[in-house]
Amino acid sequence: MGPSCCGKVLEDRLKRNGITREQLTAALREHGYEKPEDVHLAVLEVDGTISVVPTGAPVHRTKRHFKQLRLP
């Protein structure tokens, strides 16, 4: 799970992943959102980027395990 879930910032996750609150809010602004309450989910990706799912967007889950994915 990422640094933000359902509009609530998970401070322990930020600290564990070395992300400041300012970095998170900057990433949200880059995606067009002003505050965490506008976001359903923010995820720190393996490449260091933060993906954002807006509130109200459908979320599709997969049962595929990461070990099955092939990265270049």
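The model is predicted, so to speak of local features takes pLDDT of at least 70, side-chain atom pairs count only at pLDDT 80 or more, and totals for chains, interfaces and linings use all residues. Residues are numbered from 1 along each chain as its sequence is written, and side-chain values use heavy atoms, with hydrogens and water left out.

**Overall layout**

- The protein has 2 helices and 4 strands, where helices (H or I, at least four residues) and strands (E, at least two) are DSSP runs numbered from the N terminus.
- Going along the sequence, you get the pattern β-β-α-α-β-β.
- Of the 72 residues, 25% count as buried; buried means under 20% relative accessible area, exposed over 50%, and partly exposed in between (1.4 Å probe, protein chains only).
- Take the contacts with a separation of 6 or more: 35% of them come from residues 24 or more positions apart, a contact being heavy atoms within 4.5 Å.

**The core**

- The largest nonpolar core has 10 residues: Val9, Leu14, Ile19, Leu24, Ala27, Leu28, Val39, Ala42, Ile50 and Val52.
- Helix 2 (21-30), strand 3 and strand 4 each put in at least two residues of this core, and helix 2 gives the most, with 3.
- A nonpolar core here is a set of buried Ala, Val, Leu, Ile, Met, Phe, Trp, Tyr and Cys residues joined through side-chain atoms within 4.5 Å.

**Helix 2, side by side**

- Leu24, Ala27 and Leu28 are the buried residues named for helix 2. They sit on the same side of helix 2 because they cover an arc of only 100 degrees around the axis, taken from the directions from the helix axis to the C-beta atoms.
- The buried residues of helix 2 pack against strand 2 (8-9), helix 1, strand 3 and strand 4.
- Turned away from that buried side is a face with the exposed residues Glu22, Arg29 and Glu30.
- Just after helix 2 comes Gly32, with a positive phi of about 95 degrees.

- Strand 3 (residues 39-44) and strand 4 (residues 50-54) run antiparallel, joined by 5 bridges; two strands pair if DSSP finds at least two bridges between them.
- Val43 has Ser51 of strand 4 as its bridge partner, while Leu41 has Val53 of strand 4.
- The hairpin has 5 residues between its strands, and Gly48 takes a positive phi near 95 degrees.

**The salt bridge**

- There's 1 salt bridge in the structure, meaning a side-chain nitrogen of Lys or Arg within 4 Å of a carboxyl oxygen of Asp or Glu.
- Glu11 pairs with Arg21, and their closest N and O atoms are 2.4 Å apart. Glu11 is in helix 1 (residues 11-17) and Arg21 in helix 2, so the pair ties together parts 10 residues apart in sequence.
- Glu11 is partly exposed at 43% relative accessible area, and Arg21 is partly exposed at 39%.
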